[in-house]
Amino acid sequence: DKGYANETHSVGIYLTVDEKLASDPIFTIDGKEYSKNQGDEDKNFYAVVTNLPETTTEGEIKFTIKVEDEFGNVATFTNKDIKNDVGYDKVIFDTTAPEFDNLINNTEDFSVSLGVTDDAFAYILLKNETTGETIKEERYWTSFSEEGTWTAQVFDKAGNGSEVFTFTVKPLVASAIIDGQTVNFSSYTELFSAIPDSTETAITINNDTDEDIIVPENKVVNIDLNGKTLSGNKVITNNGTINTISNGTIESTNNGIINNGTINKIENVKFDVYRTGINNNGNIGEIIGITVEANYYPIYLSGSARINKLENNTVTGHYMDGIYVADKSSVGEIVSGSYTTDGMQPDNTQVAGFGLYISTNAKVELISGGTFKGSKAAVANYGTIESITGGNFEEKYTGNAWDPSTTFLYGGYVNSVSGGKFFSYGDQNDIFDSRIDFTLTDGYGFVQIEDNYYEVQKNN
(Lines give C-alpha, C1' and ligand atoms only; values in the text may rest on other atoms or scores of the structure.)
Protein backbone atom coordinates (compact mmCIF):
# COMPACT_ATOMS: atom_id res chain seq x y z
CA ASP A 1 0.00 0.00 0.00
CA LYS A 2 1.70 3.18 -1.16
CA GLY A 3 -0.03 5.08 1.61
CA TYR A 4 2.39 3.34 3.97
CA ALA A 5 6.19 3.24 4.08
CA ASN A 6 9.08 1.92 6.10
CA GLU A 7 12.83 2.55 5.95
CA THR A 8 13.15 0.45 2.78
CA HIS A 9 10.80 2.62 0.74
CA SER A 10 11.26 5.89 -1.06
CA VAL A 11 8.97 8.72 0.03
CA GLY A 12 8.37 11.62 -2.33
CA ILE A 13 7.16 15.16 -1.57
CA TYR A 14 6.27 17.13 -4.68
CA LEU A 15 5.72 20.88 -4.92
CA THR A 16 4.42 22.96 -7.80
CA VAL A 17 4.18 26.77 -7.43
CA ASP A 18 2.70 29.44 -9.70
CA GLU A 19 5.73 31.75 -9.89
CA LYS A 20 9.50 31.65 -10.07
CA LEU A 21 11.30 31.13 -6.78
CA ALA A 22 14.36 32.99 -5.62
CA SER A 23 16.00 29.68 -4.59
CA ASP A 24 15.25 26.03 -4.19
CA PRO A 25 12.73 25.27 -1.46
CA ILE A 26 13.91 23.72 1.80
CA PHE A 27 12.20 20.41 2.66
CA THR A 28 12.18 19.37 6.32
CA ILE A 29 10.93 15.87 7.19
CA ASP A 30 10.64 14.88 10.85
CA GLY A 31 13.06 17.66 11.77
CA LYS A 32 15.70 16.79 9.18
CA GLU A 33 16.36 19.06 6.20
CA TYR A 34 16.51 17.64 2.66
CA SER A 35 17.49 19.39 -0.55
CA LYS A 36 15.57 19.16 -3.78
CA ASN A 37 16.76 16.19 -5.82
CA GLN A 38 14.16 16.17 -8.59
CA GLY A 39 12.16 18.77 -10.45
CA ASP A 40 11.94 21.18 -13.38
CA GLU A 41 12.58 24.85 -12.54
CA ASP A 42 11.17 26.00 -15.87
CA LYS A 43 7.83 24.55 -14.76
CA ASN A 44 8.24 25.68 -11.14
CA PHE A 45 8.24 22.04 -10.05
CA TYR A 46 10.39 20.85 -7.12
CA ALA A 47 10.60 17.50 -5.32
CA VAL A 48 12.56 15.48 -2.84
CA VAL A 49 12.47 11.66 -3.06
CA THR A 50 14.32 9.80 -0.34
CA ASN A 51 14.45 6.86 2.00
CA LEU A 52 13.70 7.88 5.57
CA PRO A 53 15.82 6.64 8.43
CA GLU A 54 14.43 3.95 10.69
CA THR A 55 14.51 6.50 13.52
CA THR A 56 11.82 8.56 11.80
CA THR A 57 8.81 9.03 14.06
CA GLU A 58 6.14 6.46 13.27
CA GLY A 59 2.74 7.65 12.12
CA GLU A 60 1.77 10.25 9.53
CA ILE A 61 4.91 11.69 7.95
CA LYS A 62 5.16 15.35 8.93
CA PHE A 63 7.07 17.84 6.83
CA THR A 64 7.49 21.54 6.05
CA ILE A 65 8.50 23.26 2.81
CA LYS A 66 9.92 26.76 3.05
CA VAL A 67 9.83 28.81 -0.18
CA GLU A 68 10.82 32.39 -1.14
CA ASP A 69 9.85 34.13 -4.35
CA GLU A 70 11.88 36.67 -6.32
CA PHE A 71 10.37 39.55 -4.35
CA GLY A 72 11.43 38.16 -0.97
CA ASN A 73 8.06 36.83 0.05
CA VAL A 74 8.43 33.76 2.21
CA ALA A 75 5.86 30.99 2.74
CA THR A 76 5.91 27.74 4.66
CA PHE A 77 3.75 24.77 3.77
CA THR A 78 3.17 21.64 5.85
CA ASN A 79 1.77 18.20 5.30
CA LYS A 80 -1.66 19.61 6.20
CA ASP A 81 -1.60 21.87 3.15
CA ILE A 82 -1.59 19.04 0.60
CA LYS A 83 -4.03 19.54 -2.25
CA ASN A 84 -3.67 16.51 -4.44
CA ASP A 85 -5.61 14.89 -7.24
CA VAL A 86 -2.86 12.34 -7.85
CA GLY A 87 -1.05 10.34 -5.17
CA TYR A 88 -1.74 10.34 -1.44
CA ASP A 89 -2.85 13.04 0.94
CA LYS A 90 -0.66 11.43 3.57
CA VAL A 91 1.82 8.61 4.06
CA ILE A 92 2.11 6.60 7.27
CA PHE A 93 5.61 5.69 8.34
CA ASP A 94 5.62 2.26 10.01
CA THR A 95 8.61 0.09 10.88
CA THR A 96 6.98 -2.10 13.51
CA ALA A 97 6.32 -5.69 12.42
CA PRO A 98 2.79 -6.94 13.00
CA GLU A 99 2.12 -9.91 15.27
CA PHE A 100 -0.41 -12.70 15.47
CA ASP A 101 -2.79 -12.27 18.39
CA ASN A 102 -2.68 -15.97 19.20
CA LEU A 103 0.31 -18.25 19.70
CA ILE A 104 0.35 -20.68 16.79
CA ASN A 105 3.96 -21.83 16.57
CA ASN A 106 4.25 -25.63 16.74
CA THR A 107 0.49 -25.97 17.09
CA GLU A 108 -0.90 -29.32 15.92
CA ASP A 109 -4.67 -29.52 15.57
CA PHE A 110 -7.53 -30.14 13.12
CA SER A 111 -7.75 -26.40 12.47
CA VAL A 112 -5.73 -23.36 13.52
CA SER A 113 -7.16 -19.91 14.20
CA LEU A 114 -5.14 -17.07 12.72
CA GLY A 115 -5.89 -13.63 14.15
CA VAL A 116 -4.31 -10.20 13.79
CA THR A 117 -5.30 -6.87 15.38
CA ASP A 118 -3.38 -4.19 13.51
CA ASP A 119 -4.83 -1.11 11.80
CA ALA A 120 -2.22 -1.52 9.05
CA PHE A 121 -2.93 -5.23 8.48
CA ALA A 122 -2.45 -6.29 4.84
CA TYR A 123 -2.49 -10.11 4.62
CA ILE A 124 -1.36 -13.43 6.06
CA LEU A 125 0.93 -15.50 3.85
CA LEU A 126 0.64 -19.28 4.27
CA LYS A 127 3.00 -21.79 2.69
CA ASN A 128 2.73 -25.58 2.63
CA GLU A 129 6.09 -26.99 3.64
CA THR A 130 5.63 -30.14 1.54
CA THR A 131 4.07 -28.91 -1.69
CA GLY A 132 5.21 -25.30 -1.71
CA GLU A 133 1.62 -24.14 -2.20
CA THR A 134 1.04 -20.57 -1.01
CA ILE A 135 -2.20 -18.98 0.13
CA LYS A 136 -2.69 -15.24 0.64
CA GLU A 137 -5.35 -14.69 3.28
CA GLU A 138 -6.65 -11.10 3.46
CA ARG A 139 -8.97 -11.53 6.45
CA TYR A 140 -7.93 -10.34 9.91
CA TRP A 141 -9.18 -13.54 11.49
CA THR A 142 -9.70 -16.95 9.97
CA SER A 143 -9.89 -20.58 10.96
CA PHE A 144 -7.55 -22.55 8.71
CA SER A 145 -8.17 -26.28 8.26
CA GLU A 146 -6.31 -27.36 5.14
CA GLU A 147 -4.32 -30.46 6.01
CA GLY A 148 -0.52 -30.29 6.11
CA THR A 149 2.42 -28.55 7.77
CA TRP A 150 2.36 -24.82 7.05
CA THR A 151 4.31 -21.67 7.76
CA ALA A 152 2.46 -18.44 8.47
CA GLN A 153 3.65 -14.84 8.36
CA VAL A 154 1.59 -11.68 8.69
CA PHE A 155 2.40 -8.51 6.72
CA ASP A 156 1.19 -4.96 7.18
CA LYS A 157 0.56 -2.28 4.57
CA ALA A 158 4.08 -0.94 4.95
CA GLY A 159 5.49 -4.34 3.99
CA ASN A 160 6.72 -5.25 7.47
CA GLY A 161 6.55 -8.99 8.13
CA SER A 162 6.24 -10.87 11.37
CA GLU A 163 8.46 -13.75 12.31
CA VAL A 164 7.60 -17.02 10.57
CA PHE A 165 5.56 -19.53 12.52
CA THR A 166 5.05 -23.21 11.74
CA PHE A 167 1.92 -25.24 12.50
CA THR A 168 0.39 -28.56 11.44
CA VAL A 169 -3.22 -29.21 10.52
CA LYS A 170 -3.98 -32.86 11.17
CA PRO A 171 -6.31 -34.81 8.86
CA LEU A 172 -9.84 -34.94 10.23
CA VAL A 173 -10.71 -38.59 9.65
CA ALA A 174 -13.67 -39.21 11.92
CA SER A 175 -15.44 -38.00 15.03
CA ALA A 176 -17.07 -39.87 17.89
CA ILE A 177 -19.48 -38.91 20.64
CA ILE A 178 -17.71 -39.66 23.93
CA ASP A 179 -19.36 -38.68 27.23
CA GLY A 180 -21.75 -36.47 25.32
CA GLN A 181 -18.97 -34.54 23.58
CA THR A 182 -17.87 -34.67 19.93
CA VAL A 183 -14.21 -35.67 19.75
CA ASN A 184 -12.25 -35.51 16.49
CA PHE A 185 -9.60 -38.01 15.42
CA SER A 186 -6.85 -38.10 12.81
CA SER A 187 -6.70 -41.91 12.56
CA TYR A 188 -8.98 -44.87 13.23
CA THR A 189 -6.36 -46.45 15.48
CA GLU A 190 -6.47 -43.34 17.66
CA LEU A 191 -10.28 -43.35 17.58
CA PHE A 192 -10.75 -46.95 18.70
CA SER A 193 -8.15 -46.52 21.43
CA ALA A 194 -10.11 -43.57 22.81
CA ILE A 195 -13.71 -44.78 22.75
CA PRO A 196 -14.93 -46.74 25.80
CA ASP A 197 -15.30 -50.51 25.84
CA SER A 198 -18.72 -52.14 25.74
CA THR A 199 -20.43 -48.77 25.33
CA GLU A 200 -22.42 -47.89 22.23
CA THR A 201 -20.56 -45.07 20.50
CA ALA A 202 -21.64 -43.04 17.47
CA ILE A 203 -18.90 -42.55 14.87
CA THR A 204 -19.15 -40.17 11.91
CA ILE A 205 -16.71 -40.35 9.00
CA ASN A 206 -15.65 -36.81 8.14
CA ASN A 207 -13.53 -37.28 5.01
CA ASP A 208 -12.73 -39.81 2.31
CA THR A 209 -9.94 -42.02 3.63
CA ASP A 210 -7.73 -44.91 2.50
CA GLU A 211 -6.90 -46.25 5.96
CA ASP A 212 -8.22 -49.74 6.78
CA ILE A 213 -10.44 -49.86 9.87
CA ILE A 214 -10.27 -52.57 12.54
CA VAL A 215 -13.08 -52.58 15.09
CA PRO A 216 -11.75 -54.32 18.24
CA GLU A 217 -13.83 -57.07 19.83
CA ASN A 218 -14.76 -55.02 22.90
CA LYS A 219 -16.17 -52.03 20.99
CA VAL A 220 -19.82 -51.31 20.16
CA VAL A 221 -20.29 -48.68 17.46
CA ASN A 222 -22.63 -47.09 14.97
CA ILE A 223 -20.79 -45.93 11.85
CA ASP A 224 -22.29 -43.16 9.73
CA LEU A 225 -20.25 -42.99 6.54
CA ASN A 226 -21.76 -39.56 6.03
CA GLY A 227 -21.66 -39.78 2.24
CA LYS A 228 -17.91 -40.35 2.27
CA THR A 229 -15.80 -43.06 0.61
CA LEU A 230 -13.64 -45.52 2.50
CA SER A 231 -11.03 -47.26 0.39
CA GLY A 232 -8.21 -49.68 1.01
CA ASN A 233 -7.37 -53.38 1.10
CA LYS A 234 -9.51 -54.85 3.92
CA VAL A 235 -11.48 -51.70 4.45
CA ILE A 236 -13.47 -52.64 7.55
CA THR A 237 -12.61 -55.65 9.71
CA ASN A 238 -15.14 -56.02 12.49
CA ASN A 239 -14.16 -58.05 15.54
CA GLY A 240 -16.67 -56.32 17.80
CA THR A 241 -20.22 -55.07 17.35
CA ILE A 242 -21.40 -52.63 14.70
CA ASN A 243 -25.02 -51.78 15.35
CA THR A 244 -25.38 -49.93 12.07
CA ILE A 245 -23.13 -48.94 9.20
CA SER A 246 -24.79 -46.74 6.62
CA ASN A 247 -24.79 -43.98 4.02
CA GLY A 248 -21.57 -44.10 2.04
CA THR A 249 -19.22 -45.96 -0.28
CA ILE A 250 -16.62 -48.66 0.29
CA GLU A 251 -13.98 -49.28 -2.38
CA SER A 252 -11.48 -52.10 -2.01
CA THR A 253 -8.74 -53.95 -3.84
CA ASN A 254 -9.61 -56.97 -1.70
CA ASN A 255 -12.47 -57.09 0.86
CA GLY A 256 -14.98 -54.37 1.64
CA ILE A 257 -16.22 -55.64 5.02
CA ILE A 258 -14.84 -58.65 6.87
CA ASN A 259 -17.18 -59.46 9.73
CA ASN A 260 -15.87 -61.68 12.51
CA GLY A 261 -18.27 -60.31 15.11
CA THR A 262 -21.77 -58.88 14.95
CA ILE A 263 -23.24 -56.32 12.57
CA ASN A 264 -26.90 -55.60 13.21
CA LYS A 265 -27.56 -53.60 10.06
CA ILE A 266 -25.79 -52.59 6.84
CA GLU A 267 -27.89 -50.06 4.98
CA ASN A 268 -27.51 -47.75 2.01
CA VAL A 269 -23.86 -48.57 1.34
CA LYS A 270 -22.29 -48.90 -2.09
CA PHE A 271 -19.51 -51.47 -2.46
CA ASP A 272 -17.11 -51.37 -5.41
CA VAL A 273 -14.54 -54.07 -4.69
CA TYR A 274 -12.18 -56.32 -6.54
CA ARG A 275 -12.61 -59.49 -4.54
CA THR A 276 -15.34 -59.69 -1.88
CA GLY A 277 -17.93 -57.13 -0.89
CA ILE A 278 -19.15 -58.56 2.44
CA ASN A 279 -17.11 -61.45 3.83
CA ASN A 280 -19.20 -62.69 6.76
CA ASN A 281 -17.72 -65.05 9.34
CA GLY A 282 -20.03 -63.85 12.12
CA ASN A 283 -23.60 -62.63 12.42
CA ILE A 284 -25.31 -59.93 10.38
CA GLY A 285 -28.87 -58.90 11.19
CA GLU A 286 -30.05 -57.04 8.09
CA ILE A 287 -28.53 -55.97 4.79
CA ILE A 288 -30.86 -53.40 3.28
CA GLY A 289 -30.61 -51.18 0.23
CA ILE A 290 -26.97 -51.79 -0.61
CA THR A 291 -25.27 -51.96 -4.00
CA VAL A 292 -22.40 -54.39 -4.42
CA GLU A 293 -20.22 -55.03 -7.43
CA ALA A 294 -17.38 -57.50 -6.99
CA ASN A 295 -15.22 -59.48 -9.35
CA TYR A 296 -15.40 -62.54 -7.12
CA TYR A 297 -17.90 -62.74 -4.24
CA PRO A 298 -20.27 -59.86 -3.58
CA ILE A 299 -21.72 -61.53 -0.44
CA TYR A 300 -19.92 -64.51 1.10
CA LEU A 301 -20.80 -66.47 4.25
CA SER A 302 -18.40 -69.02 5.74
CA GLY A 303 -18.13 -71.21 8.83
CA SER A 304 -21.32 -70.88 10.88
CA ALA A 305 -22.00 -67.32 9.75
CA ARG A 306 -25.54 -66.00 9.46
CA ILE A 307 -27.42 -63.19 7.77
CA ASN A 308 -30.97 -62.79 9.06
CA LYS A 309 -32.41 -60.73 6.21
CA LEU A 310 -31.49 -59.41 2.76
CA GLU A 311 -33.80 -56.76 1.35
CA ASN A 312 -33.81 -54.44 -1.66
CA ASN A 313 -30.16 -54.94 -2.57
CA THR A 314 -28.48 -54.79 -5.97
CA VAL A 315 -25.77 -57.44 -5.97
CA THR A 316 -23.62 -58.05 -9.05
CA GLY A 317 -20.82 -60.58 -9.28
CA HIS A 318 -18.39 -61.33 -12.08
CA TYR A 319 -17.18 -64.69 -10.88
CA MET A 320 -19.09 -67.49 -9.18
CA ASP A 321 -22.04 -66.20 -7.19
CA GLY A 322 -24.07 -63.21 -6.11
CA ILE A 323 -24.60 -64.77 -2.68
CA TYR A 324 -22.37 -67.67 -1.60
CA VAL A 325 -23.74 -69.51 1.46
CA ALA A 326 -20.81 -71.78 2.30
CA ASP A 327 -19.89 -74.35 4.97
CA LYS A 328 -22.54 -74.44 7.74
CA SER A 329 -23.69 -70.87 7.28
CA SER A 330 -27.30 -69.73 6.91
CA VAL A 331 -29.55 -66.98 5.59
CA GLY A 332 -32.85 -66.27 7.32
CA GLU A 333 -34.84 -64.56 4.57
CA ILE A 334 -34.25 -63.00 1.17
CA VAL A 335 -37.05 -60.47 0.84
CA SER A 336 -36.25 -58.55 -2.33
CA GLY A 337 -33.45 -57.24 -4.54
CA SER A 338 -31.33 -58.45 -7.41
CA TYR A 339 -28.63 -61.13 -6.97
CA THR A 340 -26.73 -61.91 -10.15
CA THR A 341 -23.40 -62.93 -11.65
CA ASP A 342 -22.37 -62.94 -15.29
CA GLY A 343 -19.49 -65.38 -14.73
CA MET A 344 -16.91 -63.16 -16.42
CA GLN A 345 -13.62 -62.73 -14.59
CA PRO A 346 -11.44 -59.64 -15.11
CA ASP A 347 -9.39 -61.52 -17.74
CA ASN A 348 -12.66 -62.45 -19.53
CA THR A 349 -12.33 -66.09 -18.50
CA GLN A 350 -15.82 -67.57 -18.15
CA VAL A 351 -16.84 -69.47 -15.02
CA ALA A 352 -20.02 -71.16 -13.87
CA GLY A 353 -21.77 -68.61 -11.72
CA PHE A 354 -25.08 -68.49 -9.84
CA GLY A 355 -27.24 -65.78 -8.34
CA LEU A 356 -27.41 -67.90 -5.18
CA TYR A 357 -25.09 -70.75 -4.17
CA ILE A 358 -25.84 -72.96 -1.16
CA SER A 359 -23.23 -75.47 0.03
CA THR A 360 -24.05 -78.98 1.29
CA ASN A 361 -24.39 -78.12 4.99
CA ALA A 362 -25.67 -74.58 4.47
CA LYS A 363 -29.24 -73.32 4.56
CA VAL A 364 -31.54 -70.57 3.34
CA GLU A 365 -34.69 -70.55 5.42
CA LEU A 366 -37.00 -68.42 3.27
CA ILE A 367 -36.95 -66.82 -0.16
CA SER A 368 -39.96 -64.50 -0.31
CA GLY A 369 -38.74 -62.26 -3.13
CA GLY A 370 -35.78 -61.07 -5.15
CA THR A 371 -34.40 -61.79 -8.60
CA PHE A 372 -31.73 -64.44 -9.17
CA LYS A 373 -29.65 -64.88 -12.32
CA GLY A 374 -26.35 -66.57 -13.07
CA SER A 375 -24.00 -67.44 -15.88
CA LYS A 376 -25.00 -71.11 -15.61
CA ALA A 377 -28.21 -71.11 -13.56
CA ALA A 378 -30.15 -68.94 -11.15
CA VAL A 379 -29.51 -71.14 -8.11
CA ALA A 380 -26.96 -73.81 -7.20
CA ASN A 381 -28.38 -75.73 -4.26
CA TYR A 382 -26.35 -78.46 -2.60
CA GLY A 383 -27.83 -77.63 0.78
CA THR A 384 -31.32 -76.75 1.98
CA ILE A 385 -33.91 -74.13 1.12
CA GLU A 386 -36.66 -74.43 3.70
CA SER A 387 -39.29 -72.42 1.84
CA ILE A 388 -39.83 -70.44 -1.37
CA THR A 389 -42.87 -68.15 -1.32
CA GLY A 390 -41.77 -65.65 -3.99
CA GLY A 391 -38.94 -64.43 -6.14
CA ASN A 392 -37.94 -64.44 -9.80
CA PHE A 393 -35.57 -67.18 -10.95
CA GLU A 394 -34.31 -66.13 -14.35
CA GLU A 395 -32.74 -67.58 -17.47
CA LYS A 396 -28.97 -67.72 -17.39
CA TYR A 397 -26.92 -64.95 -18.98
CA THR A 398 -26.63 -65.47 -22.72
CA GLY A 399 -23.37 -65.23 -24.62
CA ASN A 400 -21.28 -67.41 -22.31
CA ALA A 401 -19.99 -70.93 -22.69
CA TRP A 402 -22.50 -72.75 -20.49
CA ASP A 403 -25.20 -74.86 -22.10
CA PRO A 404 -28.80 -74.29 -21.04
CA SER A 405 -29.69 -76.24 -17.92
CA THR A 406 -32.31 -76.27 -15.21
CA THR A 407 -32.91 -73.05 -13.27
CA PHE A 408 -32.08 -74.82 -10.01
CA LEU A 409 -29.03 -77.06 -10.19
CA TYR A 410 -27.52 -79.89 -8.18
CA GLY A 411 -28.79 -82.11 -5.43
CA GLY A 412 -30.00 -80.31 -2.34
CA TYR A 413 -33.41 -79.89 -0.71
CA VAL A 414 -36.23 -77.43 -1.27
CA ASN A 415 -38.73 -78.33 1.43
CA SER A 416 -41.64 -76.09 0.48
CA VAL A 417 -42.55 -74.09 -2.64
CA SER A 418 -45.71 -71.97 -2.56
CA GLY A 419 -44.75 -69.02 -4.75
CA GLY A 420 -42.24 -67.61 -7.19
CA LYS A 421 -41.73 -67.14 -10.90
CA PHE A 422 -39.42 -69.64 -12.61
CA PHE A 423 -37.75 -69.75 -16.03
CA SER A 424 -37.59 -73.10 -17.81
CA TYR A 425 -35.95 -74.14 -21.06
CA GLY A 426 -38.59 -76.88 -21.27
CA ASP A 427 -41.66 -77.33 -19.15
CA GLN A 428 -42.25 -77.20 -15.42
CA ASN A 429 -40.31 -80.42 -14.98
CA ASP A 430 -37.16 -78.70 -16.21
CA ILE A 431 -37.09 -76.00 -13.53
CA PHE A 432 -35.45 -78.11 -10.82
CA ASP A 433 -32.54 -80.47 -11.37
CA SER A 434 -33.78 -84.04 -11.02
CA ARG A 435 -31.28 -84.48 -8.20
CA ILE A 436 -32.97 -81.81 -6.10
CA ASP A 437 -35.55 -83.04 -3.63
CA PHE A 438 -38.20 -80.31 -3.82
CA THR A 439 -41.77 -80.24 -2.55
CA LEU A 440 -44.63 -78.11 -3.73
CA THR A 441 -46.74 -77.00 -0.81
CA ASP A 442 -50.05 -78.85 -0.65
CA GLY A 443 -52.63 -77.13 -2.83
CA TYR A 444 -50.10 -75.32 -5.04
CA GLY A 445 -48.90 -75.99 -8.56
CA PHE A 446 -46.98 -74.57 -11.52
CA VAL A 447 -48.92 -72.38 -13.95
CA GLN A 448 -47.37 -71.23 -17.23
CA ILE A 449 -47.83 -67.46 -17.43
CA GLU A 450 -45.77 -66.73 -20.57
CA ASP A 451 -43.27 -68.45 -22.83
CA ASN A 452 -40.68 -70.28 -20.71
CA TYR A 453 -42.02 -68.86 -17.44
CA TYR A 454 -43.98 -70.66 -14.75
CA GLU A 455 -45.46 -69.30 -11.60
CA VAL A 456 -46.37 -71.27 -8.49
CA GLN A 457 -49.98 -70.51 -7.65
CA LYS A 458 -52.61 -71.89 -5.35
CA ASN A 459 -54.76 -74.46 -7.12
CA ASN A 460 -58.32 -73.47 -7.88
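Leaving aside neighbours within four places in sequence, which residues is T384 in contact with? The list is I358, A362, K363, V364, Y413 and N415, where contact means heavy atoms within 4.5 Å.

## About the model

This is a predicted model, in which local features need pLDDT of at least 70, side-chain atom pairs count only at pLDDT 80 or more, and totals for chains, interfaces and linings use all residues. Residues are numbered from 1 along each chain as its sequence is written, and side-chain values use heavy atoms, with hydrogens and water left out.

You'll find T384 in strand β39, residues 384–393 (helices, H or I with at least four residues, and strands, E with at least two, are DSSP runs numbered from the N terminus). T384 counts as buried because its relative accessibility is 17%; buried means under 20% relative accessible area, exposed means over 50%, and partly exposed is in between, using a 1.4 Å probe and protein chains only. V364, one of its contacts, is 20 residues away along the chain, yet the C-alpha atoms of T384 and V364 are separated by 6.3 Å.

Now look at S359, in the loop between β35 (354–358) and β36 (363–367). S359 has a relative accessible area of 12%, so it is buried too. Not counting residues up to four places away in sequence, S359 touches Y324, V325, A326, D327, Y382 and G383.

## Salt bridges

How many salt bridges does the structure hold? There are 11, each one a side-chain nitrogen of Lys or Arg within 4 Å of a carboxyl oxygen of Asp or Glu. One of them pairs D197 with K219, and their closest N and O atoms are 2.5 Å apart. This pair links distant parts of the chain, 22 residues apart: D197 is in the loop between α1 (188–194) and β20 (200–205), while K219 is in the loop between β21 (213–215) and β22 (220–224).

Another salt bridge joins E41 and K36, with the closest N and O atoms 3.5 Å apart. Here E41 is partly exposed at 39%, and K36 is partly exposed at 24%. Then there's K309 with E311, whose closest N and O atoms are 3.4 Å apart. Salt bridges that share partners tie K265, E267, E286, K309 and E311 into one network.

## A negative patch

Which residues form a negative surface patch? They are D208, E251, D272 and E293. Patches are made of residues with over 30% relative accessible area and no salt bridge, with like charges joined within 9 Å and nonpolar side chains (Val, Leu, Ile, Met, Phe, Trp, Tyr) within 5 Å. D272, in strand β25 (residues 262–273), is partly exposed because its relative accessible area is 39%.

## Two positive phi angles

D179 isn't a glycine, but it has a positive phi of about 55°. D179 is in the loop between β18 (174–178) and β19 (181–185), and at 75% relative accessibility it counts as exposed.

N312 is another residue other than glycine with a positive phi, near 55°. Its place is in the loop between β30 (306–311) and β31 (313–317). N312 has 52% relative accessibility, so it counts as exposed.

Key
Accessible areas come from the Shrake-Rupley method with a 1.4 Å probe; for residues, only the protein chains shown count as cover. Lys and Arg count as positive and Asp and Glu as negative; His and the chain ends are not counted. The place of a charge is taken as NZ of Lys, CZ of Arg, CG of Asp or CD of Glu.
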